[in-house]
Amino acid sequence: MNKNVGVVIVSHSVDVARGAADMVRQMVGDEVPLAWCGGDPAGGLGTSVEAIMVAIEKAWSDQGVVVLVDLGGAETNSEMAVEMLPENKRAKVVVCNAPIVEGSVMAATEASGGASLDEVRHTAEDLYAR
Amino acid sequence: MSESETLSKEIGSVWLAHSAGLHARPAIQLTKMAKRFQAEVWVGVSEDGPWVNSKSIARVMGMKVPSKTTLYFSAEGDDAQNAIRALIKLVENDFTSVADGGE
C-alpha cells in the first residue's frame, strides 16, 4: 500500500468529506491510502488541525500525501497541520489548489498508477487548465 | 533507430457500447489500465486522430466520448501490443473485472 501517494480530504462538512472519499473508493479503488475529516468537534461545520494531522498519519505513504481542501479554513488549517508534522514528513505533504471532489478522484487515479507526489499534485491542479 | 521505433507502433479499435459512454468511472478504469504499461498509449475516436494521452485522466475524461462510438488505441513501446489488447478487452468487458490483474 505504501508504494502509492496517499490522499487526504479535508472539508468543512463531514458529509462532503465522507462523500468525496466514497467516490474515490468506488470509482478508483483501494490501491491508494485514503483518509478524510470534516466538521468541528461539536458536530457543526468546520475543520480541526488535530483531525487533519490524524488523517495525514492515517493516509501516510513514504511517497507523500496530497491534501484536498474546500474553503478558507480547511486550507489554512491543513497548512498548519503540515507545519506541525515532524520535519522529515513535512516536505512530503502538499495541499493542492484544486476542487475537492474532482481533485480527490483525479489525484487518486494518478496515484493508483504509482505516480510521484509532483505528478499527483499536477493532475489534481491541472484539472481545469486543459 | 527511428525506423525500428515505428515498427513497435500498434493500433487497435473497439466498439464502445457502455451505456454512459466514456464517463467518469469508465475513463478512470481506462486510464488505470493504460498506466500498467510502459508503452506510450493514445486514445482517439478516429484512426486519423487527434490522439489523446490515455494515461492522463483529465484528458481522457475531457474527450466526453458518447456511447456507441468506435474507440481507437495507438501504442508505442516494448509492451505496446499487450497494452492495446488489455485496453480492448477492458472496453469489451464493459470496464468491469479489472481488479484481478492484467492476465
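1. In this predicted model, helices H2(B) and H4(B) cross with a right-handed sense. Four residues of H2(B) make the contact: Gln29(B), Leu30(B), Met33(B) and Ala34(B). From H4(B) come Ala83(B), Ala86(B), Leu87(B) and Leu90(B). By class, this helix contact holds 7 nonpolar residues, 1 polar residue and no charged ones.

2. Now the geometry of that pair. H4 of chain B spans residues 80–92. Its axis and that of H2(B) come within 10 Å. They cross at roughly 160 degrees. Angles over 145 degrees count as roughly antiparallel, and H2(B) and H4(B) are therefore roughly antiparallel to each other.

3. Next, the chain around these helices. Chain B has 4 helices and 4 strands. Along the sequence, their order in chain B is α-β-α-β-β-α-β-α.

4. Take the contacts in chain B with a separation of 6 or more: 74% of them join residues 24 or more positions apart.

5. Finally, the contact between the chains. Chain B supplies 11 residues and chain A supplies 12. On the chain B side, the elements giving two or more residues are helix H2 (24–34) and helix H3 (57–62). H2(B) provides the largest share, 5 residues. The side of chain B that touches chain A divides into 5 nonpolar, 2 polar and 4 charged residues.

Note on methods
Residues are numbered from 1 along each chain as its sequence is written. Chains are lettered from A and ligands numbered from 1 in the order in which they are written. This is a predicted model: local features need pLDDT of at least 70, side-chain atom pairs count only at pLDDT 80 or more; totals for chains, interfaces and linings use all residues. Two residues are in contact if their C-beta atoms, placed from the backbone, lie within 7 Å. Ala, Val, Leu, Ile, Met, Phe, Trp, Tyr, Cys and Pro count as nonpolar, Asp, Glu, Lys and Arg as charged, and the others, Gly among them, as polar. Axes are lines fitted to C-alpha atoms, for helices over the stretch in contact, and angles run from 0 to 180 degrees between N-to-C directions. Angles under 35 degrees count as roughly parallel, over 145 as roughly antiparallel, 65 to 115 as roughly perpendicular and the rest as oblique. A crossing is left-handed if the near helix is turned anticlockwise from the far one by less than a right angle, and right-handed if clockwise.
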